[in-house]
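Please keep the sequence and the model open while reading.

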Amino acid sequence: MSEIRTEVLVVGGGLGGVAAAHAACRAGRKVVLTESTDWLGGQLTSQAVPPDEHPWIEQFGCTASYRQLRDDIRDYYRTHYPLNSAARADRRLNPGAGRVSKLCHEPRVALAVIEAMLAPHRASGRLTFLLEHSPIEAHTDGDSVRAVTLRDDETGQTVTVSADYVLDATECGDLLTLAGAEYVTGAESRDRHGEPSAPEVADPANMQGITFCFAIEHRAVENHVIDRPRDYDFWRSYQPDFWPGPLLGLKAPDPRTLEVEERIFNPEPGDDPTAVFADQSKDQGDKDLWRFRRIIARGNHLPGAFGSDVTLVNWPMNDYWLGNILEVDPETAARNIDQAKQLSLSLLYWLQTEAPRPDGGTGFPGLRLRPDIAGTRDGLAKAPYVRESRRIEAVTTVTENDVSLAVRGERGATRYPDSVGIGSYRIDLHPSTGGDNYIDVGSLPFQIPLGALLPVRVGNLLPAAKNIGTTHITNGCYRLHPVEWNIGEAAGALAAHCLERGLQPHQIQADPKLLAAFQAVLVQQGFELAWPDVRGY
């Protein structure tokens, strides 16, 4: 077993972990960044989920470094792709012309940009990567975490990293359980926080479903039908109690109204990418499946450059909610991972062989899985899209009553004097392992309170992803790309600030003068701590 000593250890290389490492390195601290896969970027890369963002993202509502990430992704396409003149001239280029976001793009492009962003810190020796390493033990001393032992998933060898500050940016909040920190999972009861959308009885095992995303293109005159998936018969006949028909079908509940809606699937839309309007406050954009999360729009490129669009499949039909992957034994977790993969492969096979076509026929055999885009042999994303993590018992817990449009109305979201950032998204919960349908509630543009990043007891362990002090309900609006980035960047900046000033995180949050000094540093670094006058949706 080898040992490494650093100042800041960031466990988990998703968006929050990348932002945390970047912030701490920017402040001159030595950082070790670990990641269980071989790709940094989490939901944006290894989970293959194009950005879910609020409608004002092009003007305001994120940190300067997140805006730089978005700009650099666009510049990557301008530099390396054969864009046509209209796309190249578009300041707000949407490479995939998807309707989920104003910036839909390939996972590998985000990976390249993230690696370039971190390259100077790595070259200087301030930043060390440990890819394909998973945490297996946390070493604690009273209310502090002194070190974390990780296993190399390829060789089985272990390394112990000791640090002054340990940031948990894992997808499932793995360090919270390893370190014995106080945390919550699943759904809290309505009595606990008085949330209108919470269940009467708490259910710690009731968590949002996971999804194995995948990318496909369409080659109309070719046959790319995959082998019949092992569990296809099960998934073809599976119909949840709250679903209008078989899960593998085009009818599904509208997340906001729960009314039955029939989706459209047309892999040859022939549309003008520059005419695509992505604004979920006005149009969810999810009824047209092909264009919803499209990541390559061939109409953005010179004629002949691409034979097809490419779309990313993260749809109602491949959300897996028949079991959890956290707070269960390893065998159960592995079985649920396998079943989630089978669901996604079964959806693809159904699309290729049985989905209704506009011409009255069935099946699109020309749909071709793109393993090269996912970076895997099976063509599915390297990791499941995890919507819900363990969450710390925090100094401040953000509840539905703090952000709900219906509850707070014209008053706006709760204003936090210890704000370390902002975000906005509807409270968006996908069907869950407890048998719940969608819970989709209008919300208000909100702040991220520093108190939500502080565990009630442990002093030097900071959440840096989806594991902050939210509830099962409010996780639904705090889990998206720009918010996770802001959380991680704030955690990294906080650790660096504490090291520089010889302070503890809880001291800063509790002392108005110390808090104001830290917030001034954040503003100088490009954080936005409050919203202008905008309305929720």
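In this predicted model, helix α14 passes helix α16 in a right-handed crossing. α14 spans residues 481–501 and α16 spans residues 512–524. The points below take up this helix pair, and then the cavities and pockets.

**Packing of α14 and α16**

- Two packed helices are described by the angle between their axes and by the distance between those axes.
- For α14 and α16 the angle is about 125°, and the axes lie 11 Å apart.
- On the α14 side, the contact is made by A490, A493, L494, H497 and R501.
- The α16 side contributes A517, F518, V521 and L522.
- Sorted by class, the contact of α14 with α16 holds 7 nonpolar residues, 1 polar residue and 1 charged residue.

**Cavities**

- Rolling a probe the size of a water molecule over the atoms shows where empty space is left.
- Searching the whole structure gives 4 cavities of 30 Å³ or more.
- The largest cavity holds about 350 Å³ of space.
- This largest cavity is lined by 24 residues, of which D286, F292, R293, D428 and H430 are the closest to its centre.
- The lining of the largest cavity is made up of 10 nonpolar, 4 polar and 10 charged residues.

**Largest pocket**

- The largest pocket contains about 1100 Å³ of space.
- Its lining counts 41 residues, and the closest to the pocket centre are S36, S134, C172, D174 and I325.
- Two strands, β3 (31–35) and β5 (133–141), each supply at least two residues of this lining.
- Helices α5 (174–178) and α9 (330–353) also supply at least two lining residues each.
- By class, the lining of the largest pocket divides into 16 nonpolar, 14 polar and 11 charged residues.

**Second largest pocket**

- The volume of the second largest pocket is about 350 Å³.
- Of the 19 residues lining the second largest pocket, G412, A413, R415, P445 and V534 are the closest to its centre.
- The lining of the second largest pocket comprises 9 nonpolar, 5 polar and 5 charged residues.

Definitions and conventions. Residues numbered from 1 in each chain as written. Predicted model: local features only at pLDDT ≥ 70, side-chain atom pairs only at ≥ 80, totals over all residues. Heavy atoms only, no water. Axes fitted to C-alpha atoms, helices over the stretch in contact; angles between N-to-C directions. Helix = DSSP H or I, 4+ residues; strand = E, 2+ residues; numbered from the N terminus. Left-handed = near helix turned anticlockwise from the far one by under 90°. Contact = heavy atoms within 4.5 Å. Nonpolar A, V, L, I, M, F, W, Y, C, P; charged D, E, K, R; others polar. 1 Å grid on protein atoms, 1.4 Å probe; cavity = no way out; pocket = protein on both sides within 12 Å on 5 of 7 lines; lining within 4 Å. Points joined across faces, edges and corners; volume = space filled by probe spheres on them.
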